[in-house]
Amino acid sequence: MKTLQELVRPCIWRLKPYSSARDEYKGVEASVFLDANENPYNSPYNRYPDPLQQEVKALLAPIKGVEPEQLFLGNGSDEAIDLTFRVFCQPGVDNVVAIEPTYGMYAVCADVNDVEYRKVLLDVDYEMCADRLLKACDERTKVIFLCSPNNPTGNLLAVAEVEKLLRSFSGIAVLDEAYVDFAEAPSWSERLSEFPNLLVYQTFSKAWGCAAIRLGIAMASPEMIAFFNKVKYPYNVNLLTQEKAKELLGNYAQIKDWVQVLKGARQELMQRFAALEVCLEVFPTEANFFLARMTNAPLLYQELVSRGIIVRNRSQVVLCEQCLRITVGTKEENEMLLNALNEIKI
């Protein structure tokens with residue numbers, strides 16, 4: 001791969017980051033804080049939070065099998081996506097490549113940052129081809145985005161194809177693993193030392209049941225993570241989010257139980273969904289959702305909405321024509337969905 005100095009935008013390489021009061025004060029226990037222009041009343045919410053979330057990272061690192069210095073925590077994974085563009089991609093000059101269909105925020109962040117976004121279609125079975133992705137690259141391609149398990153298709157990308165891309169691409173290779181906890185394969189974060197150009201996203205929103213606290217994870221080499229910390233806003237993760245994350249990390253067994261329950265419910269729901277008259281095909285998945293091709297997805301979607309049941313109509317997405325994306329819910333929610341679909345006549 002290219003060196004980080006070759007990949008990082010020159011202005012970011014030279015950037016002297018903002019130094020907050022909490023960055024400058026380190027190492028000595030103190031009880032009087034008169035450094036950050038905070039209101040002395042209404043503790044603990046009057047104080048700025050730890051800008052590097054060190055307590056959260058200390059708890060999270062052993063669960064993820066990485067060092068705290070290999071972790072970036074952001075305001076949702078979307079912050080990590082945006083920072084990837086801001087750190088590596090020169091607006092109006094560089095480009096990125098991504099599989100298609102996939103998570104829509106990559107393209108949105110590309111537009112916001114004025115970076116060309118090149119789409120490479122998956123196969124009809126939703127598999128990627130490393131050679132096609134590499135062919136779409138040129139000397140200005142800084143990042144390739146892969147989502148595995150992919151959204152909206154639900155499938156894991158083939159290990160051999162991902163390995164081929166990692167060994168052949170000279171830029172930054174992103175593996176977005178928002179749904180990896182529901183998969184039967186290990187995380188690519190286990191191979192960060194093998195691939196210095198690898199950047200892995202994860203999140204507290206899915207398996208951890210905490211979409212509302214907006215806490216995303218990025219894992220990479222300490223050198224790469226240092227640039228994310230350099231560019232991020234000083235207090236990007238608030239105190240309430242950090243406290244809730246520590247609570248969750250102290251009860252990791254509960255998270256694992258939720259995952260097992262949802263995986264069992266996923267299997268049952270997919271089997272029963274496939275038997276519906278209005279369902280033509282249910283696609284394999286390793287996420288907490290599945291994609292299903294229907295007889296008339298737009299009409300079924302509207303009928304479900306009228307009954308207060310919300311799924312995702314993906315009919316306008318390439319390779320997903322007439323498809324609904326179904327998130328696995330509680331047993332009661334899944335029954336309501338199935339009963340409604342059995343009642344709808346087309």
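Where is the place of Pro 101? Pro 101 is in the loop between strand S2 (95-100) and helix H6 (105-112), where helices (H or I, at least four residues) and strands (E, at least two) are DSSP runs numbered from the N terminus. The structure is a predicted model, in which local features need pLDDT of at least 70, side-chain atom pairs count only at pLDDT 80 or more, and totals for chains, interfaces and linings use all residues. Residues are numbered from 1 along each chain as its sequence is written, and side-chain values use heavy atoms, with hydrogens and water left out.

Two cis peptide bonds are described here by their position. Pro 101 is joined to Glu 100 by a cis peptide bond with omega of about 5°. The peptide bond from Asn 151 to Pro 152 is also cis, and its omega is near 25°. Pro 152 belongs to the loop between strand S4 (141-147) and helix H8 (159-168).

Positive phi values occur in loop residues other than glycine. For Asp 114, phi is near 55°, and this residue sits in the loop between H6 and strand S3 (116-121). For Gln 322, phi is near 60°; the residue is placed in the loop between strand S10 (312-313) and strand S11 (323-327). Gln 322 has a relative accessible area of 30% and is therefore partly exposed, given that buried means under 20% relative accessible area, exposed over 50%, and partly exposed in between (1.4 Å probe, protein chains only).

Helix packing was examined for one pair. Two packed helices are described by the angle between their axes and the distance between the axes. The axes of helix H5 (residues 77-88) and helix H9 (residues 222-231) come within 10 Å and cross at roughly 95°. Axes are lines fitted to C-alpha atoms, for helices over the stretch in contact, and angles run from 0 to 180 degrees between N-to-C directions. H5 and H9 are therefore roughly perpendicular to each other, as angles under 35 degrees count as roughly parallel, over 145 as roughly antiparallel, 65 to 115 as roughly perpendicular and the rest as oblique. On the H5 side the contact (heavy atoms within 4.5 Å) involves Ala 80, Leu 83, Thr 84, Arg 86, Val 87 and Phe 88, and on the H9 side Met 224, Phe 227, Phe 228 and Val 231. Of these residues, 8 are nonpolar, 1 is polar and 1 is charged; Ala, Val, Leu, Ile, Met, Phe, Trp, Tyr, Cys and Pro count as nonpolar, Asp, Glu, Lys and Arg as charged, and the others, Gly among them, as polar.

The search of the whole structure finds 20 salt bridges, each defined as a side-chain nitrogen of Lys or Arg within 4 Å of a carboxyl oxygen of Asp or Glu. In one of them, Glu 55 pairs with Lys 246, the closest N and O atoms being 2.5 Å apart. This pair links distant parts of the chain, with Glu 55 in helix H4 (residues 54-64) and Lys 246 in helix H10 (residues 239-249), 191 residues apart. Glu 55 is exposed, at a relative accessible area of 52%. Lys 246 also forms a salt bridge with Glu 243 (3.1 Å, N to O). Both of these residues lie in helix H10, 3 residues apart, about one turn of the helix, and Glu 243 is partly exposed, with a relative accessible area of 40%.

A further salt bridge joins Arg 140 and Asp 94, with 2.5 Å between the closest N and O atoms. Arg 140 lies in the loop between helix H7 (130-135) and S4, and Asp 94 in the loop between H5 and S2, so the pair ties together parts that are 46 residues apart in sequence. Arg 140 is partly exposed, with a relative accessible area of 34%, whereas Asp 94 is buried at 2% relative accessibility. Glu 163, Arg 167, Arg 191 and Glu 194 are linked in a network of salt bridges.

Arg 9, in the loop between helix H1 (4-7) and helix H2 (10-14), is buried yet has no salt bridge. The nearest side chain of opposite charge, Asp 94, is 6.6 Å away; Lys and Arg count as positive and Asp and Glu as negative, with His and the chain ends not counted. Leaving aside neighbours within four places in sequence, Arg 9 is in contact with Phe 85, Arg 86, Val 87, Phe 88, Cys 89, Gln 90 and Pro 91.
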